[in-house]
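Welcome! Please take a look at the structure below, and then we will walk through a few of its features together.

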Amino acid sequence: MADPKRWQIGLIGYGEVGRILAEDLRRQDIKVSTYDIKLGSEQGASLQQHAAKFGVALAASHAELAAKSDFIISAVTASQAVPVAKACAVALNQGTWFLDFNSASPGAKQRAAALIDGGGGRYVEGAVMTSVPPYRIKVPLLLGGPGAREIEPLLNAIGFAAKIASDELGVSSAVKMCRSIMIKGLEAMVIESFTTARAYGVEDAVLASLAETFPGINWEKQGAYCFQRVIEHGRRRAEEVREVAETVREAGLTPWSAQGTAERQAWMADLADEGVFGARGTKEFARSADWRTEADRILAKIGC
């Protein structure tokens, strides 16, 4: 189908990213359906309510969604990128586009591509280059693979901000993964540094020193942002950084930094699941404007 506004779009994964994309696509009256493994769980009620509000159809399985879609976006946790491709491949219609939105290693993207292309679909690698919520559907998106040049104008016609990184699979993901070594690593370092400084009562001196060395960064705001994002999304971030570590291994290096970042992100997610930062789903959860509040909660939990 040449006109992308007449596509039946299928979203695999109806988390934060999936819901944002669904909202922006439905505002254009584009048909959208979704499947998420959480739809059948206790967490599924809120997803079903959102889907009903925006007119998003619910599918009962990966295969059901794949069978009725012209274009599929996979937006799941990094570890599920290849399994989702496998689950969809068995039911794809010939020529169905499959955009892999996931933060997976180049090797994982190549394995997913082999499954989709082998099932008659057309796999396109996507690398999301920054946090989705501020940009929504217009988040910077790097495309890769043999079909990237053909789908780029179609995606941009329905609101995406996509550009081609390479006709070769793995290149856009390599850019994303290498960036994440820095970005996700900074989050982990801020949490570790600031919380330790708070324990010793030297946080003001540490922030003053950082401001002198990096005057372009507001370290108070950066601290609050890092704590908020990791508390809310640490589980997904930890999975992504494990894929980052795999990317480093694929290059022949030992991922010491990435491994440590993944552990810190997962540790914060564990604390969040225990209720250290308040109850999930409430306005107060991880929303302090002062990172010190969250650091104090951590220190209280570990007995400092």
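## Two loop residues

In which loop is Arg 136 found? Arg 136 sits in the loop between helix H6 (132-135) and strand E7 (140-144); helices (H or I, at least four residues) and strands (E, at least two) are DSSP runs, numbered from the N terminus. The phi angle of Arg 136 is near 60 degrees, a positive value in a residue other than glycine. With a relative accessible area of 25%, Arg 136 is partly exposed (buried means under 20% relative accessible area, exposed over 50%, partly exposed in between, with a 1.4 Å probe and protein chains only).

Asp 29 has its place in the loop between helix H1 (16-26) and strand E2 (31-35). Its phi is near 65 degrees, again positive in a residue other than glycine. Asp 29 counts as exposed, at 63% relative accessibility.

## Where two helices cross

The axes of helix H8 (residues 171-200) and helix H12 (residues 291-301) come within 9 Å and cross at roughly 75 degrees. H8 and H12 are therefore roughly perpendicular to each other (65 to 115 degrees). On the H8 side, the contact (heavy atoms within 4.5 Å) is made by Phe 194, Thr 195, Arg 198 and Ala 199. H12 brings Trp 291, Arg 292, Ala 295, Asp 296, Ile 298 and Leu 299.

## About the model

This is a predicted model, where local features need pLDDT of at least 70, side-chain atom pairs count only at pLDDT 80 or more, and totals for chains, interfaces and linings use all residues. Residues are numbered from 1 along each chain as its sequence is written, and side-chain values use heavy atoms, leaving out hydrogens and water.

Conventions. Axes fitted to C-alpha atoms, helices over the stretch in contact; angles between N-to-C directions. Parallel < 35°, antiparallel > 145°, perpendicular 65-115°, else oblique.
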